[in-house]
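Let us walk through this structure step by step. Keep the 3D view open as you read.

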Amino acid sequence: MTLALPIKDQFILPEGMVYLDGNSLGPLPRSVHAHLSEMVTDQWGQHLIKGWNQDDWMGQPVRVGDLVGRLIGAPKGSVVLGDTLSIKVFQALSAALPMRPDRKVILSDSGNFPSDLYMAQGLIRHLNAGHELRIVAPEDVLDAITDEVAVVMITQVDYRSGRMHDMTAITSRAHDAGAVMIWDLAHSAGAVPVDVAALQCEFAVGCTYKYLNGGPGAPAFIYVRPDITTDIAPALSGWLGHDMPFAFEPDYRPAKDIERMRVGTPPVLQMAALEAAMQVWAGVDMDDVRAASIALSELFIAEVEARCPKLTLASPRDPAQRGSQVSFAFEHGYAAMQALIAQDVIGDFRAPNIMRFGFTPLYLDASDVRRAVDVLSDVLDNRLWDQPRFLAKGRVT
Ligand SMILES: *Cc1c(COP(=O)(O)O)cnc(C)c1O
């Protein structure tokens with residue numbers, strides 16, 4: 001059975017809040033409390049160390065990986081959870097480069113999230129083998145895939161503008177040029193339909209605290225195409241990626257399956273929260289999510305353009321080229337966003353001038369969109385943002 005959206009009753013959202021930031025941190029699914037409290041009280045509290053076997057804490061990273069895998073078209077046993085996305089980017093890149101030992105270029109684009117680029121820069125420095133990170137404009141990615149390129153590393157949806165890359169075109173160009181393809185699905189998993197198996201990309205990575213609602217600090221995921229799993233050599237060769245961790249052998253021997261991308265002890269409580277959070281996806285069809293997301297974003301754009309002339313659309317106008325967020329540029333965007341948040345309409349701000357709004361159809365409907373625009377137009381028409389308290393910047397924007 002396919003569920004009709006939204007399914008707001010499955011989430012705990014503060015009364016009166018319009019939450020347009022699920023692209024940054026998803027809200028709390030109702031299923032999480034009970035599961036976490038059972039986990040803490042019975043499993044940790046009563047079973048203690050026995051939990052690793054009795055409650056299968058050891059199986060969590062792959063078990064929860066399968067739940068995430070279903071949303072990105074990954075076959076069972078090809079996705080594992082753990083660490084942070086920055087670490088998973090490093091793992092994918094460090095596994096991909098030796099697959100093309102004669103090539104030295106990592107290709108990415110200027111719309112990528114800085115951490116992905118920083119991790120590539122750190123790896124290149126560490127390898128000290130003459131690699132180059134080549135960063136081109138998003139619209140130039142296809143043409144820049146030449147036979148010099150070892151690895152194409154692209155984030156499908158631009159965190160700032162929401163612009164979405166064509167995964168099929170880029171992956172097939174990468175493969176035609178003999179390059180390895182890594183997709184970052186940070187703003188895709190749970191937001192747009194993705195089919196990594198059909199794409200045949202070698203690696204995909206992403207995080208689970210955004211559209212997958214796993215909570216702050218929820219572990220990241222990595223997918224490895226099953227036919228190459230046993231050929232890749234993990235650079236982060238921690239004991240839980242060993243074939244037999246409890247044999248305590250002196251030499252590293254990677255596990256024969258996706259578990260070789262594990263590193264150390266998993267964050268069991270955090271993963272328990274994610275496992276419970278993933279229950280909201282049972283019966284949800286990603287095509288329905290996408291259709292509803294487009295309807296909500298189109299409504300938002302139309303209303304904002306009609307009522308907030310000071311804002312300029314900073315996302316692609318064609319919904320087919322947009323992920324599940326809409327961005328508007330505004331000179332006083334930071335203060336305006338703070339004024340909006342003060343009225344319980346939550347979006348966020350990305351330097352230098354982008355007001356960012358995420359559309360998450362599991363818990364948003366058209367009335368939320370209209371209310372958000374009511375408040376936004378009030379903030380702009382009456383210059384409610386023009387107050388010193390809205391200019392103070394916190395550590396996180
Ligand atoms: C959110 C995001 C990250 C964050 O990485 P963490 O290590 O989980 O903090 C990295 N890359 C992209 C593309 C993102 O959107």
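**From the sheet to a helix pair**

Strand β9 (residues 203–206) and strand β10 (residues 220–224) are joined by 4 bridges and run antiparallel. Val205 shows how they line up: its bridge partner in β10 is Ile222. Bear in mind that this is a predicted model.

Now look to the other neighbour. β8 and β9 are joined by 3 bridges, and these two strands run parallel. Here Ile182 has Phe203 in β9 as its bridge partner. Strands of a sheet pair through backbone hydrogen bonds, and the pairing can be either parallel or antiparallel.

Is β9 covered or open on its faces? Both faces are covered. Phe203 and Val205 lie on one side, Ala204 and Gly206 on the other, and all are buried. In a regular strand the side chains alternate between the two faces of the sheet.

Strand β5 (residues 105–109) runs parallel to β6, and 5 bridges join the two. Leu107 stands opposite Arg134 in β6.

Two packed helices are described by the angle between their axes and the distance between the axes. For helix α11 (residues 333–342) and helix α12 (residues 366–381), the axes come within 10 Å and cross at roughly 130°. That angle makes α11 oblique to α12. The crossing is right-handed.

What meets at this contact? From α11 come Ala336, Ala339 and Leu340. From α12 come Val375, Leu376 and Val379. By class, the contact of α11 with α12 has 6 nonpolar residues, no polar ones and no charged ones.

Terms used:
Residues numbered from 1 in each chain as written. Predicted model: local features only at pLDDT ≥ 70, side-chain atom pairs only at ≥ 80, totals over all residues. Heavy atoms only, no water. Axes fitted to C-alpha atoms, helices over the stretch in contact; angles between N-to-C directions. Parallel < 35°, antiparallel > 145°, perpendicular 65-115°, else oblique. Left-handed = near helix turned anticlockwise from the far one by under 90°. Contact = heavy atoms within 4.5 Å. Nonpolar A, V, L, I, M, F, W, Y, C, P; charged D, E, K, R; others polar. Pairing = 2+ DSSP bridges. Buried < 20%, exposed > 50% of the residue type's maximum accessible area, 1.4 Å probe, protein only.
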